[in-house]
Amino acid sequence: MRTVRSFCRVCTSTCGILVDVSGQEVIRVRGNRDHPLSQGYTCSKGRALPQMHHHPERIERPLMKVDGTLRPTTWEACLDDIGTRVRGILDRYGPEAVGVFFGSGLGMDAAGYRVAQALHAALGTPAKFSPLTIDGTAKVLISDLVGGSAALNPRPDYDNAHLVLYIGTNPLVSHGHTVAMPNPVGTLRELRERARVWVVDPRRTETARMAHGHLAPRPGTDHAIMAFLVRELLRVGADRDVLDHRTVDADMLATAVAPFTLEHTEAVADVPAAELSRLLAEVRAAGRIAVETGTGVTMSAGANVTQWLSWALMILTGSMNRPGGVWFHPGFTHQLETFELPVSPAGGSFGPGPRSRPETQSFLGEWPCAVLADEIEAGNIRAVLNLGGHLVTAFPDTTTLVPALEKLDLFATIEIIANETTALSTHVLPTKDQLERADLTLWDHLSPRVAAQHTQAVVAPVGDRRSAWWVLAELGRRLGYDLADTSGGQADDDARLAMISARARRPLDELIAEGWAQTQEEFPAAWVERHLDRLGGWRLAPRLLVDQLAALTSPAPLVLVPRRQKRHLNSQFTYLGDTAEVLLHPDDAATAGVADAQQLTVRTAHGELTGIAKLDPSIRRGAVSVPHGHQGANVNRLTGKNDIDLITGMAHYSGIPVSVHPAADTPVILG
Ligand SMILES: Nc1nc2c(c(=O)[nH]1)N[C@H]1C(S)=C(S)[C@@H](COP(=O)(O)OP(=O)(O)OC[C@H]3O[C@@H](n4cnc5c(=O)[nH]c(N)nc54)[C@H](O)[C@@H]3O)O[C@H]1N2
Ligand SMILES: Nc1nc2c(c(=O)[nH]1)N[C@H]1C(S)=C(S)[C@@H](COP(=O)(O)OP(=O)(O)OC[C@H]3O[C@@H](n4cnc5c(=O)[nH]c(N)nc54)[C@H](O)[C@@H]3O)O[C@H]1N2
Ligand code: SF4
Ligand SMILES: [Mo]
């Protein structure tokens, strides 16, 4: 038996782990107490890495569909076949006929991800898709529009915080949306000793239960609460110096939020006026504030404006780049302070969208995931390279997506465990799982510190699994692109990582020896102020957002809201036992004739699903909370490909009108 130091890549918290191994069998995963950030913490998913690695449905050999059946084949034959077909499609229809999805599975494989980016660039296709447009587009949009650069990543200064406001995020379950939070209970327990903590969420979540204050607005009305706070701060309490010298368009902002009086906000959001006033008083008393939003915001129709107004609130309170407010992550493998960040156009970083959906546009070089089905049906996209995604559970409108995927000439999927998406694929490429490869923390800017990690491979790859970077480079070679040197075989994982970290804050050797490296962040950061000088001040009132705020309509009386569950991550680890429990308020259940623990059907204009009802007084009336990632009760049977944000293309996964019913086929259990 041996123990190998590594770090978990199930989620972006990247907890330090110790893996006990006997021969090639992975016995146990436990937390590494010496790890500076996670300090021994792990969650059930990280501890289940042995089950992931030894999963009975794991894929060990490349598969190719012959007469409708996936059959094992060799890498040579599989890659030759994909190469020939993709080349044929490129020559006949052009690069836009090949779609590429950058899924979460490849997102945590540093070397694989970088070569995937190179393959995409070589293909030159505008049909690039990623979780951006099914997760959190509003965040980068606001960095881009208000901050003048999508590379700006604000994160709470927990060390000096006075007041932290969480809106539509439940870090106790998720470990954070775009700021990782290993050991969330410990973090929150310490935080609430020195700072006020507020949560805005239609459910009294695990996080809300630890907070000093909780507002449970009608889903999709967060913008009203934020507009009210901004309106009142502009009247009394704003940082005049920042307002006068570091912002533009404050008067336009004031006009935009003028309608959001206490009374109006109380009516729109359905929260008590006294609680709104209490929050306002706490914001004024705290001076500086950190606002953290999550998918409850970014998946709703008010996503962009809520994110905008949360920035406005932080700007007005002088919280940007100041202790007690938020700091901006400068990166680790790239060092933002060494660049002159280009100032993005005031109108946003948009480009042309796909032909089949003229109402959409591209944002930051990506097309909305929601257009994929239509682009395939129109014959515009004929091949999809799916790099580590479970499209069937992740994309909107499963009912129209699945028949579209079946029409593809080529659908190649990089995966480790068989699922409904691999079943639809024409080719399945098994790459090394996280215990089989050396790796780096690729999304280092999501870390709560300026830090990075390295791990060696813990065990040898099973069967014929190969490094993802090798697979993609070999595919590229067959298409005539030189993406990476594969002549040394796939044993060269560390050589790829060395190239990625060539401009990092610390050399890879140090990371390899220590497993971990951290540098002190510059705070307040001069590079942020230099960027702000070039920008001419925070843009407080982008036209697009002012118009969107004015156009928002009130939500339906009963709507779908998303929720993450503890023991699975998206579609992964559902075998640990989480079920598709649908939370609803007992009064809404009574109206619909639905009883606790019974099967219920949730219906929208797009489709329906059957799950288990959990009557829960901690969720407000009008919200029906359905978790995602379940293959059977797939929540995306309820979502629509046309129900998107027209600025960013983000799919609406929160706020969709629903009705609930006792399941027609509920078996009557006697005795
Ligand atoms: N309705 C609704 N839809 C949603 C959401 C929601 O809340 N509601 N959430 C959205 C969000 S936030 C996101 S990020 C997306 C996620 O959508 P996806 O990116 O599709 O994420 P996963 O379901 O996690 O699928 C990742 C796949 O990668 C595989 N995998 C795991 N490790 C590895 C590895 O090391 N190598 C390879 N090659 N594969 C691996 C897993 O087996 C899994 O099948 O879904 C979105 N869809
Ligand atoms: N255990 C676990 N952890 C995960 C994941 C997982 O699947 N499981 N997925 C990972 C991924 S890909 C992501 S993107 C992150 C997401 O991380 P989070 O954004 O923190 O996700 P949730 O925990 O679902 O929290 C979203 C909250 O928004 C609330 N909500 C819904 N609609 C509204 C609304 O209109 N307004 C407000 N104010 N709140 C609303 C929901 O009730 C819920 O409590 O989590 C990551 N971590
Ligand atoms: S929180 Fe859980 S899944 Fe995320 S890195 Fe830590 S152990 Fe892994
Ligand atoms: Mo996500």
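A polar contact is a pair of N or O atoms within 3.5 Å; within protein, one atom must be able to donate a hydrogen and the other to accept it, and residues adjacent in sequence count only if both atoms are side-chain atoms.

## Basis of the report

This is a predicted model, in which local features need pLDDT of at least 70 and side-chain atom pairs count only at pLDDT 80 or more, while totals for chains, interfaces and linings use all residues. Residues are numbered from 1 along each chain as its sequence is written, chains are lettered from A and ligands numbered from 1 in the order in which they are written, and side-chain values use heavy atoms, with hydrogens and water left out.

## Ligand 1

Around ligand 1 there are 29 residues, of which S104, H390, E415, R564 and S571 come nearest. Here, a residue is near a molecule or strand if one of its heavy atoms lies within 4 Å of it.

In the side chain of Q572, an N or O atom is 2.8 Å from an oxygen atom of ligand 1. The side chain of R437 also has an N or O atom 2.8 Å from an oxygen atom of this ligand. For E415, the distance from a side-chain N or O atom to an oxygen atom of ligand 1 is 2.3 Å.

## Ligand 2

Ligand 2 has 31 residues around it, and T169, S174, D201, D222 and H568 come nearest. An oxygen atom of ligand 2 lies 2.7 Å from a polar side-chain atom of D201.

Nitrogen atoms of ligand 2 also take part. One is 3.2 Å from a polar backbone atom of V173, and a polar side-chain atom of S654 lies 3.0 Å from a nitrogen atom of the ligand.

## The two domains

The domain assignment divides the chain into domain 1 (153–333 + 525–550) and domain 2 (556–662); such bounds come from an automatic or database domain assignment. The contact (heavy atoms within 4.5 Å) takes 22 residues from domain 1 and 21 residues from domain 2. The centres of the two domains, taken over C-alpha atoms, are 27 Å apart.

The size of an interface is often given as the accessible area lost when the parts come together. Buried area is the accessible area (1.4 Å probe) that two parts lose on being put together, summed over both. For domain 1 and domain 2 it is about 1700 Å², with 61% on carbon and sulfur atoms. Between these domains, 8 residue pairs are in polar contact, both residues being at pLDDT 80 or more.

## Salt bridges

Side chains of opposite charge can pair when their charged atoms come close. A salt bridge is a side-chain nitrogen of Lys or Arg within 4 Å of a carboxyl oxygen of Asp or Glu. By this rule the count comes to 41. Across the interface of domain 1 and domain 2 there is 1 salt bridge. R620 and D270 form a salt bridge, with their closest N and O atoms 2.7 Å apart.

Another salt bridge joins the side chains of D464 and R61 (3.6 Å, N to O). This pair links distant parts of the chain, 403 residues apart: D464 is in the loop between β21 (450–455) and α20 (468–478), and R61 is in the loop between α2 (49–53) and β4 (63–66). Helices (H or I, at least four residues) and strands (E, at least two) are DSSP runs, numbered from the N terminus.

## Backbone features

Most residues other than glycine have a negative phi, and most peptide bonds are trans. D249 is not a glycine, yet has a positive phi of about 70 degrees. F523 and P524 are joined by a cis peptide bond, with omega about -5 degrees.
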